[in-house]
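Dear colleague,

I am passing on the structure below, which you have not worked with before. Please look it over first, and then read the notes that follow it.

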Amino acid sequence: MTRLLIFDLDGVLLNTEQLYMEMNFGYFARLGFSVTTEQYHTFIGTSATNMWQYLKNNYRLPYSVPQLVAAEKELKYQTLQQATLTPTEGIVLLL
């Protein structure tokens with residue numbers, strides 16, 4: 001029996017990166033700052049902890065990094081529950 005493992009980075013099963021970027025831009029605005037799309041793209045592929053540590057340091061956010069990570073995670077759950085997601089083209093057939 002052959003066993004396979006799929007690592008689901010954004011874009012493999014579902015492309016949620018644009019959804020998360022828009023969600024985070026709204027969250028950043030509520031926290032009182034903004035970043036450019038180009039700057040946001042530098043966070044893609046890094047950990048949430050690294051992203052929030054950078055943002056906390058650069059925008060003097062009053063919350064701890066664990067608080068920011070937890071709040072973003074909860075916001076992701078809420079966003080995903082409200083979103084209409086479609087599988088990446090061809091993935092259903094592949095699976």
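**Threonine 37 and its surroundings**

Apart from its neighbours within four places in sequence, threonine 37 is in contact with Met21 and Phe25. Please keep in mind that this is a predicted model.

**Helices H1 and H4**

The axes of helix H1 (residues 17–31) and helix H4 (residues 65–82) come within 11 Å and cross at roughly 130 degrees, and H1 and H4 are therefore oblique to each other. The crossing in which H1 passes H4 is right-handed. The residues of this contact divide into nine nonpolar, two polar and three charged; among them are Leu19, Met23 and Tyr27 in H1, and Leu68, Leu75 and Leu80 in H4.

**The chain as a whole**

The protein chain has five helices and zero strands, and its radius of gyration is 16 Å, well over the 12 Å that the globule rule gives for 95 residues, so the chain is more spread out than a compact globule. Along its principal axes, the C-alpha trace spans about 50 × 25 × 25 Å, and buried residues make up 23% of the 95 residues. Of the contacts in the protein chain with a separation of 6 or more, 52% come from residues 24 or more positions apart.

Conventions: Residues are numbered from 1 along each chain as its sequence is written. This is a predicted model: local features need pLDDT of at least 70, side-chain atom pairs count only at pLDDT 80 or more; totals for chains, interfaces and linings use all residues. Side-chain values use heavy atoms; hydrogens and water are left out. Axes are lines fitted to C-alpha atoms, for helices over the stretch in contact, and angles run from 0 to 180 degrees between N-to-C directions. Helices (H or I, at least four residues) and strands (E, at least two) are DSSP runs, numbered from the N terminus. Angles under 35 degrees count as roughly parallel, over 145 as roughly antiparallel, 65 to 115 as roughly perpendicular and the rest as oblique. A crossing is left-handed if the near helix is turned anticlockwise from the far one by less than a right angle, and right-handed if clockwise. Contact means heavy atoms within 4.5 Å. Ala, Val, Leu, Ile, Met, Phe, Trp, Tyr, Cys and Pro count as nonpolar, Asp, Glu, Lys and Arg as charged, and the others, Gly among them, as polar. The radius of gyration is taken over C-alpha atoms; the globule rule is 2.2 Å times the number of residues to the power 0.38. Buried means under 20% relative accessible area, exposed over 50%, partly exposed in between (1.4 Å probe, protein chains only).
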